[in-house]
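Subject: Structure handover

Hello,

I am passing this structure on to you. Please look it over before reading the notes below.

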4 protein chains.
Amino acid sequence: MTPAAAAQDARIRAGVIGGSGSIGAELLRYLCVHPSVDLAWVTAHSSAGSRVSDVLPNLAGYTELSFVRLDELPDDLDGVQAVLVALPHNRSQEVIPALAERHPGIRFIDLGGDFRTPDPQGYLKHYGREHAAPEWLERFVYGFTEFQREKLPGARLVASPGCFATSLLLGLAPLAGAGMLRGEVFATGVTGSSGSGNEPKKTTHHPERATNFRAYKALEHQHMLEVEGFLSTLTREPFHVNFVPQSGPFVRGIFSTIFVPGVARATLEDTLRAAYDGEPLITFSRASPDVRLIQGTPRALIGFAGDSRQGAAFVALDNLGKGGASQAVQSLNRMFGFDETTGLMGLPGGFV
Amino acid sequence: MTPAAAAQDARIRAGVIGGSGSIGAELLRYLCVHPSVDLAWVTAHSSAGSRVSDVLPNLAGYTELSFVRLDELPDDLDGVQAVLVALPHNRSQEVIPALAERHPGIRFIDLGGDFRTPDPQGYLKHYGREHAAPEWLERFVYGFTEFQREKLPGARLVASPGCFATSLLLGLAPLAGAGMLRGEVFATGVTGSSGSGNEPKKTTHHPERATNFRAYKALEHQHMLEVEGFLSTLTREPFHVNFVPQSGPFVRGIFSTIFVPGVARATLEDTLRAAYDGEPLITFSRASPDVRLIQGTPRALIGFAGDSRQGAAFVALDNLGKGGASQAVQSLNRMFGFDETTGLMGLPGGFV
Amino acid sequence: MTPAAAAQDARIRAGVIGGSGSIGAELLRYLCVHPSVDLAWVTAHSSAGSRVSDVLPNLAGYTELSFVRLDELPDDLDGVQAVLVALPHNRSQEVIPALAERHPGIRFIDLGGDFRTPDPQGYLKHYGREHAAPEWLERFVYGFTEFQREKLPGARLVASPGCFATSLLLGLAPLAGAGMLRGEVFATGVTGSSGSGNEPKKTTHHPERATNFRAYKALEHQHMLEVEGFLSTLTREPFHVNFVPQSGPFVRGIFSTIFVPGVARATLEDTLRAAYDGEPLITFSRASPDVRLIQGTPRALIGFAGDSRQGAAFVALDNLGKGGASQAVQSLNRMFGFDETTGLMGLPGGFV
Amino acid sequence: MTPAAAAQDARIRAGVIGGSGSIGAELLRYLCVHPSVDLAWVTAHSSAGSRVSDVLPNLAGYTELSFVRLDELPDDLDGVQAVLVALPHNRSQEVIPALAERHPGIRFIDLGGDFRTPDPQGYLKHYGREHAAPEWLERFVYGFTEFQREKLPGARLVASPGCFATSLLLGLAPLAGAGMLRGEVFATGVTGSSGSGNEPKKTTHHPERATNFRAYKALEHQHMLEVEGFLSTLTREPFHVNFVPQSGPFVRGIFSTIFVPGVARATLEDTLRAAYDGEPLITFSRASPDVRLIQGTPRALIGFAGDSRQGAAFVALDNLGKGGASQAVQSLNRMFGFDETTGLMGLPGGFV
């Protein structure tokens, strides 16, 4: 009996490690109302001992839990079947292997950047340190749900994609799969400030961010590791993604613009529409997508421009949602045999 | 058998008149996922004939309806039991009486300003025109849910409060009921731009609004009609609400600041906490509420400041939600015997 | 020969202590183009050694200075006649007295909160610590320029008002002077995020500030010390200012709303228009002022609402400008006999 | 005697046609304080008869003029030497030729899109109508100041560049001049909402714009006409600019990202730094420029990213300033022999 079959029609108990960060808080938002998940515990570091709804007042009435410290959890982790880990980069590699060895029956979803490719050299280059558990890298399934759907029911360890990575892969993976991705690709991606986490810093200081626009980590963002890594599993053509991340004066959302030189609009549109036909969480826009329409939602919105000479594809998603927490819940649903959108569609996003 | 009992445990069919405006769109957001409501039809004027999800792409996947014209509806209004009306001010008085006469079995909730007080002279003064159906004013129940809860199951015609009015009444009604409201009250209320509707105008022109702050209709806002009108039903003390509405550079939400001269913080806090004890949609903040925590939600958040000499109360709510659409759904739930929060709590608001 | 006469038609040399903070940076913006001031040096703590235009790139091309440490200045302070001090609260009391004793010929303008009232008990209560130089408090002239204009030419030590204080005093001082200020006054004041300084903190973290509105230090803001203190010099009537500061999602500007119970609109308007007749930096608005029109400028904009029963006054100014740096330059101009707007009007603010 | 020599050391009289639009208002902001320009008159359509400072209260105290109607001007245009025209696209072609014929001694600067290339077919394609004065196209000098500086003193008719065009040309013109521009170029450019003018519309409706990000006119923006047109005068290599304009939730500024495939960062940086060495209005940023640092200023800020394989260039400027009004003043200064920055640097922009 596969784990998925075992869980079907059943409820599961789940724990969250790192529930007070930006992604963790968004994860709780979905898990609190998930009809098939009982949230058993949530850890946090500095907020341990506080009620979740005191730290995250948006959840008042939705959960009675208090944050606990990871090292205070009972030995059996309170009988959970799933643990979702939303720690800062470079941290889950110190946490998940130990827990996973001790609890062979528990399945893990990591929302950080530690286990997204089987490439320790790439990790060193992009994340600036030797990976502490390189032998675990190969054991993780990359949780880019729409393309990895069949691998999730049997997966025990899942690494959920990064926010920029999800936006780029949604545009590029179908092209790679169709053999159309080759040579130099050029892309920009604008993110809201929630992508920087919940620790105040200069780049999220309101007086300096509120009316500003700038690029950062241009042509050297660490998500290229997973983007190029995953795309390489889909195509043998050589390609390179030249990506300029940018920060905009809004809170939630990513808007990516993708140029594949020489690929026409119709080719882009036909390929992507075919790839996502019937997908419940991917919708298409007549022209450009609007970021505001996916803020706070688990969806991606895709649009196109151009002509028969050159096209461009646009992908909009919420960096905390489809680019973070809700994509992890999508994977969780697949892993445990629930309908993939369970717990995600309880209330549409607003028009404004 | 009361209408409420009849409806209990049953589903109802409902129609929406004016579903493409700001409040109408928010109403659809809640009704699309309401587990006890089948949305039968939605009217719109200029968008008639278009799919709802083309006009409001946030609802893609949530409804297959298209907007229709009011005069195209079948004679029996397609068998609905409830009609919610979200037209601009001065319009529902021309629509509801006729429909209500023709369909004595249908119950109506008006979200506009036309039927909120039984005072045609006040209407003339504040809304600038003679009321077209003054004899209908007395027939409406004012749908300020927390204070009118017992009147709703038997009500056929409900006038849902205005956004500023709800924020002020949440702070002042308990004081009025306790005999503490007398003399001059001073209040400011800051609203986001969605309160101006979905027609572009100078005060919502992004270049002029995005970094601006200003007052408007100061000491002469039309919501004072319903605020003073409703409060007068709760107290015999003379009082006057001096209210300055203000517009801030955000989209959703109202933040009201209320001073009752001579009323201490503890009095304010004790009275309001007692009044709303156990209320599912009203929560309290340790200090000031944060508007962002109620954006996109059906909740109000109340806080306090001051000392034994003088206090202040703060009320934050979403002008489109608790100050508009979700309050109407709250009343609808009461009218038809559903749990009051049905369809409203499917997904918490975000922390950011 | 008075100092003012000595300086007339001449240029002065000036130094700035604390030029890398929010107010200090704005001060440099004005002093860099001041036709009668030679900026001799600017101190900063963590940025010492860096070029001003590297830390504040908006000033590239306007100054060639580098930041220096205060303790590196030459013994004669490089021959300056004026020192402007823009340190965080509680800091200038440790700096100015020592410098002023050593340099009796130099005149000082403090932009912090340390020397704004002659009341050490009030200082303890509002700023939370014993004043380190209480005997110096009486020696400072409060630099509320429009009302203290005559005292400035002879002043050696000037304490420039706080941002909220300036906005409230502009509305209230003429009333106090006319004997109309008595009893309880109620006011709110909304500030942009630049009022919190340039150190990132939770209340200026963009994800939490960008769409938010909240109150803080309500009914207990430290500026009430100087507001009530200065107003008391103008009236013998008893009064109390109940002030709720609020933070809005914009960067620059303050918008204050003032209710004096029982004072009619016409009284407010007549009194304030008369008080500021001919003032170059105070303009009036037909209805509410718009904050955006004073952003980045040295001006205040005043408006009114209400009727013969009750009025309200509105004051808009830039917290960094008229509520901070430009008011200090206004005082500097008066102290040294320059035209009061010298260096302030070189380019109007934008319409958007 | 050339016109430039004639004007040197002298003052000129100037008139503005279309002073109440976004660009016109910004033009007045600079001209009001220009030490060598006497502003004789300003026309406006719907605001004719109103004081300029009532329509644009930011200019109160800076001008006593009232708006007049174009057809009310005296026959001699009140003796002006220069007329600046800031009308919507497609309008100045109906105004300038007639005036220029009647007044051979007057020099004109057009800030609209009508006369920016000598290509009537391109005009038809990009602006959607037959040009009404095609024979005048060749008579205009394209006022891209840094590259056309030598042509301006003798020019009588100048067409000032568009906002996006300026940002792209600042990055691409030096490359074209150095023969490095060939093949496909990819670029995105994000503009603030002031680029849409001062008429409220759906894309500038605050509720829909304030947190949004989207592309528009992608790969088909009309500014490509002048960008490709001007670049073609600098290089014989074939090239094509694939440009995606985007709209961001801020008011002022453009941030453009430029990829020339195969051109390394060092090449970009060396070429652009050399091209703009000594330019007073172009500064360089160590990494990405920040849009906020050029808001309200006449400057452009340029930065770079990438490595020896592939680089990217970033250009930030104010769409109303260097991309609009201030660039026109720069050209005016050159035309009449004033120092090029006269009237532009009276007050630096703010750090926030």
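The notes below cover strands, one interface and salt bridges.

This is a predicted model, in which local features need pLDDT of at least 70, side-chain atom pairs count only at pLDDT 80 or more, and totals for chains, interfaces and linings use all residues. Residues are numbered from 1 along each chain as its sequence is written, chains are lettered from A and ligands numbered from 1 in the order in which they are written, and side-chain values use heavy atoms, with hydrogens and water left out.

Strands in chain A

Helices (H or I, at least four residues) and strands (E, at least two) are DSSP runs, numbered from the N terminus. Buried means under 20% relative accessible area, exposed over 50%, and partly exposed in between, with a 1.4 Å probe and protein chains only. In strand β1 (residues 12-17) of chain A, 5 of the 6 residues are buried, so the strand is largely enclosed by the rest of the structure. Two strands pair if DSSP finds at least two bridges between them. β1(A) pairs in the parallel sense with strand β2 (residues 37-43) of chain A over 6 bridges, and with strand β4 (residues 82-85) of chain A, also parallel, over 4 bridges. A:Ala14 has A:Leu39 as its bridge partner in β2(A) and A:Ala82 in β4(A). Together with helix α2 (residues 22-31) of chain A, β1(A) and β2(A) make a right-handed β-α-β unit (right-handed: with the strands pointing away from the viewer, the path from the first strand over the helix to the second runs clockwise).

Strands in chain D

Strand β5 (residues 107-110) of chain D points D:Arg107 and D:Ile109 one way and D:Phe108 and D:Asp110 the other, and all are buried. β5(D) runs parallel to strand β4 (residues 82-85) of chain D, joined by 4 bridges, with D:Leu84 opposite D:Ile109. Strand β7 (residues 157-159) of chain D is also parallel to β5(D), through 3 bridges, and here D:Asp110 stands opposite D:Ala159.

The interface of chains C and D

Each chain gives 31 residues to the contact between chain C and chain D (contact: heavy atoms within 4.5 Å). The two chains bury about 2,600 Å² between them, 62% of it on carbon and sulfur atoms; buried area is the accessible area (1.4 Å probe) that two parts lose on being put together, summed over both. C:Tyr62, C:Leu347 and C:Pro348 lose the most area on the chain C side, together 25% of what that side buries. There are 2 salt bridges between chain C and chain D, a salt bridge being a side-chain nitrogen of Lys or Arg within 4 Å of a carboxyl oxygen of Asp or Glu. D:Arg286 forms a salt bridge with C:Asp54, with the closest N and O atoms 3.0 Å apart.

Salt bridges within chains

Over all chains, the structure holds 91 salt bridges. A:Lys322 and A:Glu146 form a salt bridge, their closest N and O atoms being 2.7 Å apart. This pair links distant parts of the chain, 176 residues apart: A:Lys322 is in the loop between β14 (311-317) and α11 (325-335) of chain A, and A:Glu146 in helix α6 (residues 145-148) of chain A. A:Lys322 counts as buried at 0% relative accessibility, as does A:Glu146 at 9%. In chain B, B:Arg252 and B:Asp318 meet in a salt bridge (2.7 Å, N to O), and both are buried.

Regards
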